[in-house]
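Me: I am new to this structure. Please show it to me, then let us go through some questions.

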Amino acid sequence: MAEDFLEEIYQDAKLISMMRQIACYARVQDSHHVNLKLQELSPELLRVCQRYVQLDRAAGEEFWSCLQELSACCDLIRGGDIIEHKLLPFLEKWMQHYGAIQTENDEGDFLFQTTVSGFLTIKDLKSNIYFHSTVDPMWEAGKVAEYIFDPRNKAYSIRGCGLGYLIYQLYVISGGAVFIRIFEKDARMVEYARKYGVLDWVPADCIQVIVDADPLPFLESALEEDTGFYMLVPEMASESDDTRAVLEEVRTEYYTNRSFKRYNEINYWSNLRNGCKWISEFDVSSVKKDVIVVAAGPSLDDSLEFLRKNSGTKTIIAVGTVFKKLLGQGICPDMVVIADPQERTYRQIEGVEEQKIPMLLAMTAYWKFAAAYQGEKYLIPLKVELDNMKEKYNNVWGCGGTVTYLALEVAVHFQVEKVFLVGVDLAYPGGVTHATETMDRSQKSMDTLIPIEGCRGTTVYTSNVFIYYREAIEELIAHTPEISYYNMSDIGAKIAGAQNIGED
C-alpha cells in the first residue's frame with residue numbers, strides 16, 4: 001500500500017475525482033447514477049464536512065449548506081453546477097490543510113509533487129515533463145481509461161507505469177474483468193507506484209508487472225488477440241532514440257486508425273442511406289482490357305497528352321484528387337475512385353457534382369460525396385473494423401492506405417489485362433508533393449526526405465508513408481501476375497513489378 005500518511009490524503013483526493021464523475025453524469029441527465037453515487041459518497045462527504053467544521057467553522061458550515069442545496073436540488077443541470085462551482089472548490093481547498101509535498105528522489109531525477117486534488121504527480125527533471133496532471137491525476141487517468149477501454153478486450157498491455165492511476169482506473173472501469181500487463185523499463189517506477197501511487201489498490205491477481213527496457217515484449221503482448229494497449233507518452237521521453245521511434249510509430253498508427261474509426265462509422269451508415277449501389281452491381285462489360293490508373297503525383301502533368309490520346313481506347317480510372325484537373329484539361333475519366341473519410345477532401349468534387357461519370361466509393365468515404373454527387377455511385381466493401389456494421393461482408397477489398405491502391409484494386413477486380421500507372425510517383429521530385437491544379441500541391445523540405453531508387457535508376461526522395469504505400473502496391477502487383485503493369489512516370493520511385501515505359 002501507499003505510505004500511511006498518503007492513504008488518508010488519497011481517500012479524500014479520490015472523493016474529488018468521484019464528485020467530478022457525478023457532475024458528468026448530471027450533465028448527460030443520468031439521474032440513476034447521480035443518485036446512486038451521491039448515496040454511496042454521502043458518508044464520506046459528511047465525514048469531510050465534520051472535519052472541515054473543526055478546522056474552519058465558517059467554511060465548514062458553508063460546505064454543509066452546499067451539500068444541503070445539492071440534496072434538495074431536483075434539477076440535474078443545476079446539480080452539476082453546484083458540484084462543479086461550489087462543492088469541488090471547497091473540497092480542493094480542504095485538501096490544502098494536508099500541506100504541500102514537493103520532494104526529489106535520491107537520484108535527483110524525479111520530483112514528487114502535490115496536485116490540486118491531493119494525489120501526487122511526478123516530474124521528470126531531465127526532460128521537465130510531468131507524468132500526470134498537476135490538477136487531478138486520478139480524473140485524468142479515468143478519462144484515458146474511458147477512451148481506450150473496449151469490453152471486447154480480455155487484457156490490456158500498458159507501456160509505462162507512472163504512479164498507477166491508469167492501471168487502477170482500467171481495473172475500475174472493467175470491474176476487474178480484464179487482466180493488465182504493465183511493461184516498465186525502470187524498476188524504480190514500480191516501487192514509486194506502490195509507495196507513492198495507487199498501484200496496490202489493484203488486486204495482485206489482476207496485474208502482471210514486467211520490468212524490461214526492450215520494447216519487443218510489450219509490442220508482442222499488445223498484438224495478442226483481444227488485447228488493448230496504451231503507452232504513457234511522458235515516460236517515452238526517457239527511452240532510447242531507437243525504442244522511442246518504434247513506439248511512436250506504433251502509437252501514431254494506432255491513434256490514426258482510432259480517430260478514423262469514428263469518421264468511418266458515420267460515413268458508412270450515411271452512405272448506406274444515400275442511394276448507392278454495391279460495386280458488385282457495376283456493369284463491367286464497359287471496362288476495356290487496357291486500363292489507366294491516374295493518381296496525383298507531379299508526373300501527371302507530363303502524361304496529359306498520353307491520357308488524351310488514349311481516352312476512349314483505354315478505360316481511365318481516376319482518383320478523386322485529380323478529378324477536377326482532368327475535367328479542366330478536357331479529359332473525361334471513365335470512373336472516379338474516392339476513399340478518404342475526412343470532410344476536407346470533399347473539395348475534390350466541389351463544383352462538379354452534376355457530372356454523370358460513375359463514382360466508386362470506399363464504403364467509409366466521406367458521406368457528402370454520396371449525398372451530393374448526381375452520377376451513379378457504387379460502394380466498395382473494405383476490411384475495416386466498425387461497431388454495429390449492418391452485415392459482415394465476405395468479398396472485402398484491400399485499401400493499402402491510399403486511394404491509388406484502391407483504384408488498382410478496381411482494375412484487378414474488373415479482370416483487366418494491362419494497367420498503365422500515371423502520376424503514381426510515390427516520391428517528391430524536387431520536393432513537390434502533387435501535380436498542378438490539385439488541392440494538396442505543396443513543397444516539402446528535402447531535409448526530411450529519404451533517398452530511394454527512382455524509375456530510371458536515379459535517386460528520388462520520398463517519405464516513410466510513401467514507402468509503405470509503394471510496398472503495398474508492389475505486393476498487389478506480385479499477387480496479380482496475370483496483369484501487366486506499366487509505370488509512365490520518369491521522375492517517381494521505382495515500383496517493383498511495373499515495367500517502365502521505354503524498357504523492353
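Predicted model: local features only at pLDDT ≥ 70, side-chain atom pairs only at ≥ 80, totals over all residues.

Reply: Residues are numbered from 1 along each chain as its sequence is written, and side-chain values use heavy atoms, with hydrogens and water left out.

Me: Where in H2 does a kink lie?

Reply: Helices (H or I, at least four residues) and strands (E, at least two) are DSSP runs numbered from the N terminus. The bend at a residue is the angle between axes fitted to the seven residues ending there and the seven starting there. In H2 the kink is about 45°, shortly before the proline Pro43, and it lies at Leu41.

Me: Which helices do the buried residues of H2 pack against?

Reply: Buried means under 20% relative accessible area, exposed over 50%, partly exposed in between (1.4 Å probe, protein chains only). Among the buried residues of H2 are Leu38, Leu41 and Leu45. Contact means heavy atoms within 4.5 Å. The buried residues of H2 pack against helix H1 (4-27), helix H3 (57-72) and helix H4 (76-95).

Me: What is the phi of Asn128?

Reply: Asn128 sits in the loop between strand E3 (120-124) and strand E4 (129-130). Most residues other than glycine have a negative phi. Asn128 is not a glycine, yet its phi is positive, about 60°.

Me: Is Gln415 buried or exposed?

Reply: Gln415 lies in the loop between helix H14 (403-413) and strand E15 (418-422). Its relative accessibility is 60%, so Gln415 counts as exposed.
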